Amino acid sequence: LEAIEYYRTALRLNPSLVPAYANLALALSLANKSKEAVAVAEQGIKIARSTGQKAAADQIEEWLSHYPTELRSGVNTADPSESQVPTR
């Protein structure tokens, strides 16, 4: 999908662009790349929380909650103190 490359480019140019993480995760999911989609979503949550974008983080978490637990890293994404990455 072209969208995947566009969102990756957007994130290279602006790594704190939270909507791009959400949209990239969705595009990866649609391309049957679930593991990568989950990783991107988790990264988006971390960035959103570290930049004070709580609503965006909550939206990505809601989307991520539909994925099986075994695909997720186990990081407590709801805890903003864990910060170290869909809004449309």
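**Salt bridges in the predicted model**

Arg8 is partly exposed, with a relative accessible area of 24%, where buried denotes under 20% relative accessible area, exposed over 50% and partly exposed the range in between (1.4 Å probe, protein chains only). The structure is a predicted model, for which local features need pLDDT of at least 70 and side-chain atom pairs count only at pLDDT 80 or more, whereas totals for chains, interfaces and linings use all residues. Residues are numbered from 1 along each chain as its sequence is written, and side-chain values use heavy atoms, with hydrogens and water left out.

With a salt bridge defined as a side-chain nitrogen of Lys or Arg within 4 Å of a carboxyl oxygen of Asp or Glu, five salt bridges are counted. Arg8 pairs in this way with Glu36, the closest N and O atoms lying 2.2 Å apart. Because Arg8 belongs to helix H1 and Glu36 to helix H3 (residues 34-50), this pair ties together parts that are 28 residues apart in sequence; helices here are DSSP runs (H or I) of at least four residues, numbered from the N terminus. Glu36 is partly exposed, at 32% relative accessibility. Arg8 also forms a salt bridge with Glu5, at a closest N and O separation of 3.4 Å, and these two residues are three positions apart in helix H1 (residues 2-13), about one helical turn. Glu5 is partly exposed, at 41%.

In helix H4 (residues 54-64), Asp58 and Lys54 are four residues apart, about one turn of the helix, and form a salt bridge whose closest N and O atoms are 2.6 Å apart. Asp58 is partly exposed at 30% relative accessibility, whereas Lys54, at 51%, is exposed. Both residues take part in a network of salt bridges that also links Arg49 and Glu61.
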